[in-house]
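Okay, thanks for letting me jump in. Have a look at the model while I talk through what came out of the analysis.

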Amino acid sequence: MNAMPDLFAGAPDEALLIAFANGDAQAAQALTERLLPRVLAQATRMLAIQAEAEEVAQEAMIRLWKQAPDWRQGEAQVSTWLYRVVSNLCTDILRKRRGGVSLDQIAEPTDSAPSVVQQMQTNARMQALSDALAALPERQAQAVSLRHLEGLSNPEIAEIMDTNVRSVESLTARGKRALAAIMAGRKAELGYDDD
Amino acid sequence: MMMTDRNDDILEDIFAQARTVAPTPSDDLIARVMAGATVPQSAAARPTPRRSLGQQVLDLLGGWTAVSGLVTATCAGVWIGVSPPESVQDYTATYFGDEISVSLFNEDAIFAAGDFFDG
């Protein structure tokens with residue numbers, strides 16, 4: 001990405017979004033540089049398949065552009081809104097995916113990988129995690145991924161999921177228990193030999 | 001209990017690996033996102049379709065329903081004026097009194113004035 005001169009340094013996402021809505025194309029570029037990597041990372045962690053993650057990231061950003069003119073200032077943070085959109089788009093894909101995923105769809109190792117074998121194992125684990133998320137009820141999958149993959153706090157997750165903290169705690173606990181049980185059944189193939 | 005802890009450790013390890021996943025957006029993805037960044041118009045700013053003068057007058061009067069009532073009332077008013085029913089005549093007579101004619105000029109004076117102009 002060709003980095004923009006830092007015209008918008010320090011400006012909140014919301015201010016950039018309003019500038020874009022008022023016709024400032026540079027604000028859109030600045031927002032893309034700022035938000036797209038995070039959006040793509042969230043989608044990749046949940047889906048483990050690069051093509052699907054990119055599709056979700058693109059769709060989420062396009063929805064943000066469309067929302068810009070009607071954005072209600074001070075009501076929600078742009079980041080919160082995007083977490084919600086990406087989370088929903090990912091669970092839609094996970095729901096459709098329950099039939100299974102072919103191995104050639106799994107993301108290729110990157111150049112910086114320590115070794116091909118190690119990278120393949122990591123990819124297999126990420127794919128197993130994504131498949132396990134697909135097996136969970138959608139709200140549990142969202143809560144677990146926001147808590148344990150994105151590292152968000154329970155109040156933040158409650159706002160994203162439009163619920164209360166107690167409900168988030170319950171969803172996260174149940175989801176994590178179910179995930180642990182699913183992953184335990186695959187620990188040998190994922191390289192976790194019992195000591 | 002020990003097995004549950006072990007399973008939790010495996011899951012925590014996988015979570016930790018997942019958190020390090022941070023792909024760089026490809027140039028192609030950035031281009032696709034930016035291609036969609038055309039400023040849309042808000043619902044409030046969207047122009048309403050142009051309407052003809054007749055349509056605007058119709059809207060001003062309240063639409064076809066209101067105008068049809070207005071036309072009926074006008075026709076009825078004109079008809080009553082041209083050919084008032086007896087009951088209406090009685091009513092107006094009662095309300096406004098009987099019709100009377102008042103001459104503002106003395107007829108003799110008018111004739112006298114005629115003689116004056118004729119010489």
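So, A:Asp162: that one sits in the loop between α7 (154-160) and α8 of chain A. Helices here are DSSP runs of H or I with at least four residues, strands are runs of E with at least two, and both are numbered from the N terminus. The phi of A:Asp162 is near 55 degrees, which is positive in a residue other than glycine. A:Asp162 is exposed, at 68% relative accessible area. For the cut-offs: buried is under 20% relative accessible area, exposed is over 50%, and partly exposed is in between, with a 1.4 Å probe and protein chains only.

A:Ala48 also has a positive phi, near 65 degrees, and again that's a residue other than glycine. A:Ala48 is in the loop between α2 and α3 of chain A. Buried or exposed, this A:Ala48? At 9% relative accessibility, it counts as buried.

Quick housekeeping. This is a predicted model, so local features need pLDDT of at least 70 and side-chain atom pairs count only at pLDDT 80 or more, while totals for chains, interfaces and linings use all residues. Residues are numbered from 1 along each chain as its sequence is written, chains are lettered from A and ligands numbered from 1 in the order in which they are written, and side-chain values use heavy atoms, with hydrogens and water left out.

Now the overall fold of chain A. What does its secondary structure come to? Eight helices and zero strands. Of the 195 residues in chain A, 47% are buried. And if you take the contacts in chain A with a separation of 6 or more, 65% are between residues 24 or more positions apart; contact means heavy atoms within 4.5 Å.

On to packing. A nonpolar core here is a set of buried Ala, Val, Leu, Ile, Met, Phe, Trp, Tyr and Cys residues joined through side-chain atoms within 4.5 Å. The largest one has 59 residues, and the members touching the most others are A:Leu64, A:Trp65 and A:Leu179. α2(A) gives the most to this core, eleven residues. A:Leu64, leaving out residues up to four places away in sequence, touches A:Leu17, A:Leu35, A:Trp71, A:Val78, A:Trp81 and A:Leu82. There's also a second, separate core of ten residues, including A:Tyr83 and A:Leu146.

Next, charges. I'm calling it a salt bridge when a side-chain nitrogen of Lys or Arg is within 4 Å of a carboxyl oxygen of Asp or Glu. How many does the rule give over all chains? The count comes to 14.

A:Arg97 is buried, at 7% relative accessible area. Beyond four places in sequence, A:Arg97 touches A:Leu47, A:Ile49, A:Glu52, A:Gln127, A:Ser130 and A:Asp131. Then there's a salt-bridge network linking A:Glu52, A:Arg97, A:Asp131, A:Arg186 and A:Glu189. Within that, A:Arg186 and A:Glu189 meet at 3.2 Å, N to O. A:Arg186 is partly exposed, at 24%, and A:Glu189 is exposed, at 56%.

Another pair is A:Arg63 with A:Glu59, where the closest N and O atoms are 2.8 Å apart. Both lie in helix α3 of chain A, four residues apart, about one turn of the helix. A:Arg63 is partly exposed at 37%, and A:Glu59 is partly exposed at 32%.

Last topic, the interface. 40 residues of chain A are in contact with 33 residues of chain B. The area buried between the two chains is about 3,200 Å², with carbon and sulfur atoms giving 70%; buried area is the accessible area (1.4 Å probe) that two parts lose on being put together, summed over both. The rule finds three salt bridges across the interface of chain A and chain B. A salt bridge joins the side chains of A:Glu54 and B:Arg32, at 3.3 Å, N to O. The elements giving two or more residues to the chain A side include α1 (13-21), α2 (25-47) and α3 (50-67). Which one gives the most to the side of chain A that touches chain B? That's α2(A), with ten residues.
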